[in-house]
Amino acid sequence: GAPGGEEEGKILVAVQMYMDPKLSYIPTSLINFVIRTVLYLMWVMLLRVAEGIRDGKMPHHKTAIAAKRDTLYDWVESRVGAMLHRLFTTVEAAGAPGAAGG
């Protein structure tokens, strides 16, 4: 979206996984449907909690997060930042002229 628009500050998350649950007696289409439905509902519930915290409707959650900021959330942010840096450094190197695959 345009800067300052409704889409600013949002991120699109796409997850793709390949797995074999070894349940040959259940049709793959049914497994896929159940997984998609469950993951979607879990994401919606998580998003509602996050929005509630952001909007000040869940002060107990906000307090709990603040209490764990140093021991958990800062560590998670650091790890995610390191993984993204590594990912984008690898992608940039692969696309650079003269680099392997570039």
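**View 1. Three helices and zero strands make up the secondary structure of the chain in this predicted model.** Along the sequence the pattern reads α-α-α; helices (H or I, at least four residues) and strands (E, at least two) are DSSP runs numbered from the N terminus. Residues are numbered from 1 along each chain as its sequence is written. Because the model is predicted, local features need pLDDT of at least 70 and side-chain atom pairs count only at pLDDT 80 or more, while totals for chains, interfaces and linings use all residues.

**View 2. Confidence along the chain, given as pLDDT (the predictor's confidence in each residue, from 0 to 100).** The chain has a mean pLDDT of 82, with 85% of its residues at 70 or more. Confidence is lowest in helix α3 (residues 69-95), at a mean of 86, and highest in α2, at 92.

**View 3. Helix α1 (residues 28-54) and its end.** The 27 residues of α1 should span 39 Å at 1.5 Å a residue, and the end C-alpha atoms are 38 Å apart, which agrees; the expected span is 1.5 Å times one less than the number of residues. Just after α1, G56 has a positive phi of about 80°.

**View 4. Buried residues of α1.** I31, V44, G52 and I53 of α1 are buried, that is, under 20% relative accessible area (1.4 Å probe, protein chains only). Their cover includes α2 (59-67), where contact means heavy atoms within 4.5 Å. Of the 102 residues of the chain, 4% count as buried.

Conventions:
Heavy atoms only, no water. Buried < 20%, exposed > 50% of the residue type's maximum accessible area, 1.4 Å probe, protein only.
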